[in-house]
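Comments are set out as numbered points.

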Amino acid sequence: MDEKHESPPADLAQPAIVAGQGCVLLVEDDRSVRRYLQVTLERAGYEVITASDGLEAMKLALSLPIDAVVTDAIMPHLSGQQLARFVRSNPKLAQVPIVLLTGQENKAAAASPDDLIDAFLYKPVKAEELTSCLTSLLKKNG
């Protein structure tokens with residue numbers, strides 16, 4: 001294992017992670033944030049399916065096998081909380097961990113009253129924070 005590989009920039013470098021971590025449905029209406037998070041998750045070994053709003057995410061969640069959902073809180077068509085409610089109400093998806101990304105400082109304001117969300121992360125999200133959160137949730141679920 002002495003092969004030389006170009007390593008990613010230090011701020012995006014990740015510890016060695018086993019490929020095939022699972023499939024994440026990433027829902028974010030801001031294209032640049034969505035792309036940053038997609039690259040972050042792919043570098044950590046996740047397969048990533050992206051959606052630009054909650055309605056698109058709903059359709060993808062029903063048609064593709066997913067292991068986790070990472071969603072923005074505030075989006076057009078369907079909010080992160082509404083998407084979480086949909087996921088929890090579907091027997092096929094009910095156990096899928098959900099991470100809510102929020103710019104709101106007040107966690108209570110972002111929280112859904114019925115505990116639909118497994119983890120809250122505040123924007124701007126650090127790459128390491130997101131990947132370690134997902135790893136932890138998927139281990140707990142697996």
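1. A residue is termed buried under 20% relative accessible area, exposed over 50% and partly exposed in between, using a 1.4 Å probe and protein chains only. Cys133 is buried, with a relative accessible area of 14%, and Cys23 counts as buried at 5%. The number of disulfides, taken as pairs of cysteine sulfur atoms within 2.5 Å, is zero.

2. The model is predicted: local features need pLDDT of at least 70 and side-chain atom pairs count only at pLDDT 80 or more, whereas totals for chains, interfaces and linings use all residues. Residues are numbered from 1 along each chain as its sequence is written, and side-chain values use heavy atoms, with hydrogens and water left out.

3. A nonpolar core is a set of buried Ala, Val, Leu, Ile, Met, Phe, Trp, Tyr and Cys residues joined through side-chain atoms within 4.5 Å. The largest has 24 residues, and Leu25, Val27, Ile66, Val69 and Leu83 have the most contacts inside it. At least two of its residues come from each of strand E1 (22-27), strand E2 (46-51), helix H2 (54-63), helix H3 (80-89) and strand E4 (98-102). The largest contribution, four residues, is from H3. Helices (H or I, at least four residues) and strands (E, at least two) are DSSP runs, numbered from the N terminus.

4. Another core, of 19 residues, lies apart from this one; Val24, Ala68, Val99 and Leu130 are among its members.

5. Contact means heavy atoms within 4.5 Å. Beyond its neighbours within four places in sequence, Ile66 contacts Cys23, Leu25, Ile49, Ala61, Leu93 and Val96.

6. Thr71 belongs to strand E3 (residues 68-72) and counts as buried, at 1% relative accessibility. Not counting residues up to four places away in sequence, Thr71 touches Val27, Gly80, Leu83, Ile98, Val99, Leu100 and Leu101.
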